[in-house]
There are 2 protein chains.
Amino acid sequence: MKFYSRLGGALLLVALVSMMISSFAFAESKLQKVMKERGLTEKDVLAAAKTYVPTGGRDEYIVCSSGGQSGHVIFYGIPSMRILKYVAVFTPEPWQGYGFDDESKAVLAQGRIQGKDIVFGDTHHPAFSETDGDYNGRYVFINDKANPRLAVIDLHDFETKQIVANPFFRSAHGGCFVTPNTEYVMEASQYAAPYKDEFVPLNDFNDEYRGGLTYWKFNMDSGRLEPENSFTFEMPPYSQDLCDAGKGPSYGWGFTNSFCTERYVGGIEKGRPPYEAGCSSKDTDFMHVTNWKKAEELVKAGKVTKVNGAYLITMEQAIKEELMFLIPEPKSPHGVDVTPDGLHILVAGKLDSHAWVYSFEKIMKAIKDKNFEGTDPYGLPIISLDTALERSVNVGLGPLHNQFDSVDGVVYTSIYVDSQITKWNYKTGKILDTLPIHYNVGHLMTMEGDTKHPDGKYLVALNKLSIDRFNPVGPLHPQNHQLIDISGAQMELLYDMPLPLGEPHYAVAIKADKLQPTVRYKTGWNSRKDEKSPFRCRAGREKVVREGNKVDIYGTLIRSHITPETIEVYEGDTVSIHLTNLERAQDEVHGFAMYGHNVQLSIEPGKTASATFTVDKAGVYPYYCTEFCSALHLEMQGYMLVMPKGYKPQDAAIIDGEKYTKADYEAQVATNIATQDVINQVVGFITSHNYKDFPIVVSLVEDATDQLGFAEEAKTKSEVAAAEGDFQNAMLWANQWWQYQVKTADLGLRAKTHLEQNGAKKVK
Amino acid sequence: MKFYSRLGGALLLVALVSMMISSFAFAESKLQKVMKERGLTEKDVLAAAKTYVPTGGRDEYIVCSSGGQSGHVIFYGIPSMRILKYVAVFTPEPWQGYGFDDESKAVLAQGRIQGKDIVFGDTHHPAFSETDGDYNGRYVFINDKANPRLAVIDLHDFETKQIVANPFFRSAHGGCFVTPNTEYVMEASQYAAPYKDEFVPLNDFNDEYRGGLTYWKFNMDSGRLEPENSFTFEMPPYSQDLCDAGKGPSYGWGFTNSFCTERYVGGIEKGRPPYEAGCSSKDTDFMHVTNWKKAEELVKAGKVTKVNGAYLITMEQAIKEELMFLIPEPKSPHGVDVTPDGLHILVAGKLDSHAWVYSFEKIMKAIKDKNFEGTDPYGLPIISLDTALERSVNVGLGPLHNQFDSVDGVVYTSIYVDSQITKWNYKTGKILDTLPIHYNVGHLMTMEGDTKHPDGKYLVALNKLSIDRFNPVGPLHPQNHQLIDISGAQMELLYDMPLPLGEPHYAVAIKADKLQPTVRYKTGWNSRKDEKSPFRCRAGREKVVREGNKVDIYGTLIRSHITPETIEVYEGDTVSIHLTNLERAQDEVHGFAMYGHNVQLSIEPGKTASATFTVDKAGVYPYYCTEFCSALHLEMQGYMLVMPKGYKPQDAAIIDGEKYTKADYEAQVATNIATQDVINQVVGFITSHNYKDFPIVVSLVEDATDQLGFAEEAKTKSEVAAAEGDFQNAMLWANQWWQYQVKTADLGLRAKTHLEQNGAKKVK
């Protein structure tokens with residue numbers, strides 16, 4: 001009947017509507033409950049869903065952020081905003097053994113200033129290495145502003161490999177920025193100082209103090225900077241600031257901002273207005289335009305002389321060879337950013353409300369036509385602002401830095417005083433969107449946003465204050481990185497991330513899949529030099545070599561013992577302990593710390609690390625593994641015995657605290673046989689499933705097989721001792737056999753869980 | 001009509017169903033889109049919603065986690081799992097100026113070992129101070145295993161205030177655990193060593209090496225440990241491990257685990273089985289039960305003598321006075337955990353599959369009845385396992401640590417080898433739930449889970465491996481803390497958090513509202529001693545005091561200049577720079593770094609910090625503020641000039657790089673008048689709203705008013721100079737006036753944004 005059919009149809013519709021939402025209904029009611037309990041809005045839940053990365057999931061981008069005065073750099077994931085690693089660069093850091101093992105001490109020693117160890121850095125602007133203007137995922141460079149230095153971090157293992165100290169500067173803020181093929185890493189000085197390492201009074205500031213810009217030569221094959229092939233532009237005593245390298249049509253050129261072109265010298269204590277007044281009085285400062293390609297040719301042609309042991313292009317030479325030009329820019333600018341197509345340069349002045357778009361073509365034409373408005377006091381030609389400018393756009397009060405979108409022409413500018421991000425189009429001058437920020441954003445970062453091919457998607461605002469954003473933790477607040485979704489027309493705030501250590505200034509983000517770091521080293525590896533260590537040691541070859549009062553100990557580490565377990569030396573000896581981690585398994589790191597001697601090593605699988613120290617005082621010095629590595633980690637221990645000079649070791653044997661009988665031995669063997677049954681069951685489960693489809697499980701099985709091999713060796717020793725009626729050692733080796741079984745079981749159970757949770761299938 | 005009414009009813013139903021979901025429909029479709037794009041399940045979205053904290057939101061709990069070999073402790077929020085702060089304790093850390101300023105160097109110097117500066121720590125078990133068995137939110141204690149020391153962190157400002165070195169031990173893992181009113185902080189030794197600070201051969205291990213347990217006296221009023229009122233129990237050369245203090249009925253007693261009661265001495269390099277075999281051969285080790293209340297009375301009565309300058313209760317005295325007893329426990333245990341009601345003690349042995357529930361009543365009865373199964377080799381009475389045990393429960397392979405739920409009897413145990421959490425009831429012995437963990441959990445933590453009143457709600461598994469959990473960052477992986485929802489019957493995994501620096505071992509979580517840290521210091525404050533600094537300085541009172549070759553500089557810091565801006569000293573001088581941060585505004589921190597001298601201070605509002613160093617070499621040494629503080633932060637700079645010995649400063653004035661005219665001055669004044677109009681508009685907006693209801697805005701307005709006051713001072717100086725026809729200084733001071741206006745505007749705009757975003761209302 002029609003009547004029923006219509007009603008039936010309507011009811012069917014009800015059912016259908018219910019079904020349409022049924023798959024979501026359960027979760028929805030749960031979700032609404034959570035939202036109500038936690039006071040979340042729908043916008044919050046969307047932001048949560050956009051940033052949450054489930055267990056075992058991967059982030060899409062990896063950020064390398066400077067760590068400010070901590071001296072480290074920081075790696076974190078986007079969109080989860082989870083911090084993955086602090087990598088120590090200029091500051092000793094014991095977890096990584098950095099500045100504690102001889103190998104990394106040698107890296108830090110490269111950065112000595114006036115022969116002195118420097119134990120911190122003020123890191124500012126990290127840069128990824130590039131090929132053809134895009135990130136290649138191989139290296140990160142980072143500068144130290146306080147003691148002008150540059151460091152190289154290898155993304156193969158996330159370790160600092162090299163530090164170089166600038167031969168001319170006493171301060172360097174404007175690094176690191178790379179040329180499109182990482183031919184050079186740019187580093188500009190900040191506070192002018194004499195190039196000669198001696199006292200010069202401030203009265204001679206204009207004549208004797210100098211700024212500058214160093215182009216550090218980088219060798220992508222060796223992964224090292226080459227000071228001997230690097231060169232520096234002498235610059236006036238302005239405060240040079242950030243840089244960027246030209247790309248595409250502007251390839252071969254570099255751009256460097258400056259402030260305090262007033263060359264003001266403060267002295268508030270003597271009644272003079274302070275630097276902040278004198279350094280911001282003029283309406284404009286100067287962008288420095290340098291032709292590095294032509295400079296490189298001059299260096300190669302032997303036409304540049306060395307000063308302080310390094311190539312220096314004097315202002316006189318730069319003027320003569322037409323290598324350097326100045327262009328006015330809005331006062332006290334910060335970021336200078338070359339557009340992805342290389343055609344424009346964007347400058348934002350912190351005390352202005354405009355972003356300034358310079359045309360590279362116009363700059364080149366002015367240079368070609370020698371169309372200069374004059375020279376600065378040092379004779380450097382000045383291209384007028386009118387000549388070089390394409391347009392200026394009112395973006396807000398205190399623009400600071402620009403980063404690019406994947407959409408052509410679209411750029412984001414951080415606005416310091418207004419505390420906002422402005423999205424605009426530098427090709428049309430149109431403002432597209434603004435978003436308030438909490439609070440006072442410094443730099444900002446889009447995904448691969450300073451390359452030839454920005455990815456868009458996300459933006460991070462590097463905020464300088466967190467005031468009311470997080471639970472309070474005392475007068476020193478964390479910084480705040482705010483993650484913003486820029487995939488739509490309007491910017492949407494997703495996440496506030498506190499930075500728990502250090503003050504990041506600048507960050508760069510790379511596609512995560514460009515990074516393929518290793519999880520282990522070749523056995524016996526000096527990771528800082530990337531070569532086999534002369535101090536490497538294989539299992540069973542551990543030894544002590546004494547020459548006079550210099551003692552070299554070649555040892556090994558494996559779950560869960562250190563060989564040797566006793567080190568005997570004499571008061572006054574210089575001791576070098578060289579330890580090789582014999583593990584091949586991922587994440588099986590061992591540490592090594594010792595009482596009283598500032599020894600703390602981090603020894604990843606395959607690594608050889610060394611600690612050298614003198615022993616001043618007779619005594620007993622326990623050492624142990626500092627990285628939780630197995631159930632018997634706490635028993636991974638030993639003693640260094642420092643004997644008084646002339647002391648003769650007694651021949652007496654150790655008196656065992658516990659004696660074992662044949663019955664003890666047999667009980668242990670019975671346990672071991674029962675344990676082996678458990679292992680066999682786990683092995684049965686694994687091999688009856690398609691475990692070879694799971695790389696993690698394959699590596700766990702390999703490791704478990706190794707451990708079972710060790711168990712077999714201990715079993716043999718135990719049986720030999722038993723056969724000789726030495727039940728003391730028979731029992732102890734039987735227990736060691738069991739310890740290896742426990743390690744095997746641990747790995748097997750982890751593998752089994754992984755298979756169960758990841759849908760492994762039974763095989764015939 | 002019936003027909004239509006029925007159909008209409010059905011359609012109404014459709015409409016109703018649709019309406020019921022309509023409020024959610026928009027977000028849901030967006031949410032489903034995000035889920036699809038990001039591959040999230042409904043479970044993932046629920047977990048995201050349970051952990052996400054929106055911008056400006058607060059976490060419910062604050063965790064204090066040890067930082068392992070980093071030497072720091074780590075504070076993070078639950079449920080967001082965002083890390084808020086690394087607080088430096090045993091390792092110098094430049095962001096905090098820790099180990100860089102004289103004040104914190106004095107704290108680190110308290111922890112010298114054999115007169116030597118120790119530059120790292122191996123932090124293990126933090127403990128919050130307690131009143132009547134509950135956290136009081138005042139202090140955190142943390143131990144160093146490598147060089148046995150204890151530190152006190154004040155939660156008033158999250159700074160390390162004190163370090164004490166143990167007078168007897170050479171290694172101490174078993175700290176920190178507090179008695180219910182923080183009368184004492186317990187610290188147990190780990191690797192036995194001679195008490196006398198000299199060489200003793202391992203042959204004498206049983207007779208001359210000793211373990212121990214120190215009860216450090218704490219004074220809650222002064223916030224300091226009192227070594228002079230602390231006492232140590234001499235213990236056999238077992239490896240003492242973790243501790244817990246009795247509470248309620250067991251108040252006055254302490255419990256300490258141990259392993260290697262075999263007293264085994266390894267020597268794998270000489271063919272002896274390694275420590276791991278010999279230290280785990282016996283089926284049981286010993287729980288040490290100590291009567292600290294009675295011991296305290298003996299100390300107070302003058303019946304305990306001092307050794308190494310500290311009270312030592314010898315084993316002989318402990319036996320005689322019935323202060324210490326042993327009870328067998330499953331071999332190689334780790335956690336020893338007193339139940340919230342104080343009636344039971346739970347022990348888990350890493351090489352066993354049971355958790356062991358001991359009855360405090362049974363232990364007391366055995367002691368009263370002198371019901372001992374014998375003595376250990378040192379004469380300490382042993383209570384038999386049967387006598388003391390309530391029950392044992394099979395919880396999984398490798399139980400390690402127990403934490404309590406808010407539900408009576410419910411406990412969570414971390415299972416190392418099986419990589420899981422087991423939820424069970426220690427009163428019934430019933431297993432309630434298990435959850436797999438990724439991977440190999442060490443300790444675990446529930447909210448206030450070791451107090452008299454655990455909160456339940458969340459559990460964190462402190463996992464030791466992260467292998468496949470995160471984007472790879474080289475051979476050294478982060479650790480992984482997994483957040484688990486325990487509010488329901490079944491445990492639910494919510495979040496994986498990587499630890500980017502250090503290896504946490506143990507963590508404690510406190511209700512966030514128990515912490516009320518300050519955001520500023522009293523002006524001129526030595527934060528490490530918590531007293532007025534003798535080196536404090538007020539604005540305008542900056543001075544240089546020279547005595548022989550010792551130079552003291554009393555300076556100040558304020559947005560955006562350092563007073564003095566020039567420091568003149570002679571080669572060979574010892575220089576002390578004392579700087580006071582004049583700011584009162586929250587988060588207005590200034591830093592101070594100098595080239596070549598390892599100077600890096602962090603000076604929060606009100607703090608006075610000092611840097612003392614010798615100047616070896618004549619030269620020019622720039623210094624600057626390292627904490628981004630304002631738009632003119634980069635201009636917050638100065639020079640230390642180190643003059644050669646005998647050099648006479650020239651009288652010549654600084655030659656200004658730029659000259660200003662009356663026209664320049666007048667243009668600047670015009671700008672300032674225009675800027676004042678903008679400020680007035682912002683002020684108008686703020687004062688026309690109920691801004692006094694917003695504490696953050698009130699403090700911003702106060703700060704802005706201060707800045708405007710400074711602007712007024714600069715304006716006056718500018719007008720005085722102009723009246724004298726000195727347009728150079730008139731212009732510079734006019735610009736300084738403008739700089740203060742910009743700072744005022746910055747604050748005003750931040751306040752305005754806050755009001756707009758937080759629904760401020762117009763007032764009449």
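A residue counts as buried if 20 or more other C-beta atoms lie within 10 Å of its own, as exposed if 12 or fewer do, and as partly exposed in between, with C-beta atoms placed from the backbone. By that count, 61% of the 764 residues of chain A are buried. This is a predicted model, in which local features need pLDDT of at least 70, side-chain atom pairs count only at pLDDT 80 or more, and totals for chains, interfaces and linings use all residues. Residues are numbered from 1 along each chain as its sequence is written, while chains are lettered from A and ligands numbered from 1 in the order in which they are written.

**Chain A overall**

- Chain A holds 12 helices and 45 strands; helices (H or I, at least four residues) and strands (E, at least two) are DSSP runs, numbered from the N terminus.
- The C-alpha trace of chain A spans about 110 × 100 × 50 Å along its principal axes.
- Among contacts in chain A with a separation of 6 or more, 63% join residues 24 or more positions apart; two residues are in contact if their C-beta atoms, placed from the backbone, lie within 7 Å.

**Two copies and their interface**

- The same surface serves both copies, since 99% of the contact residues of chain A recur in chain B.
- The interface takes 199 residues from chain A and 199 residues from chain B.
- Helix α1 (residues 2-38) of chain A gives the largest share of the chain A side, 17 residues.
- The chain A side divides into 106 nonpolar, 52 polar and 41 charged residues; Ala, Val, Leu, Ile, Met, Phe, Trp, Tyr, Cys and Pro count as nonpolar, Asp, Glu, Lys and Arg as charged, and the others, Gly among them, as polar.

**Helix α2 at the axis**

- Helix α2 (residues 42-51) of chain A packs against helix α2 (residues 42-51) of chain B at an angle of about 115 degrees, with the axes 9 Å apart.
- That makes α2(A) roughly perpendicular to α2(B) (angles of 65 to 115 degrees count as such, under 35 as roughly parallel, over 145 as roughly antiparallel and the rest as oblique).
- Val45(A), Ala48(A) and Ala49(A) meet Val45(B), Ala48(B) and Ala49(B) in this contact, which has six nonpolar, no polar and no charged residues.

**Helices α11 and α12**

- In chain B, the axes of α11 (residues 695-723) and α12 (residues 727-757) come within 8 Å and cross at roughly 165 degrees.
- α11(B) and α12(B) are therefore roughly antiparallel to each other.
- The residues of their contact are 20 nonpolar, eight polar and five charged.
- In chain A, Thr716(A) lies in helix α11 and counts as exposed, with 12 C-beta neighbours inside 10 Å.

**Leu213(B)**

- Leu213(B) lies in strand β11 (residues 209-219) of chain B and counts as buried, with 27 C-beta neighbours inside 10 Å.
- Leaving aside residues up to four places away in sequence, Leu213(B) touches residues including Met186(B), Phe233(B), Cys243(B) and His288(B).

Note on methods. Axes fitted to C-alpha atoms, helices over the stretch in contact; angles between N-to-C directions.
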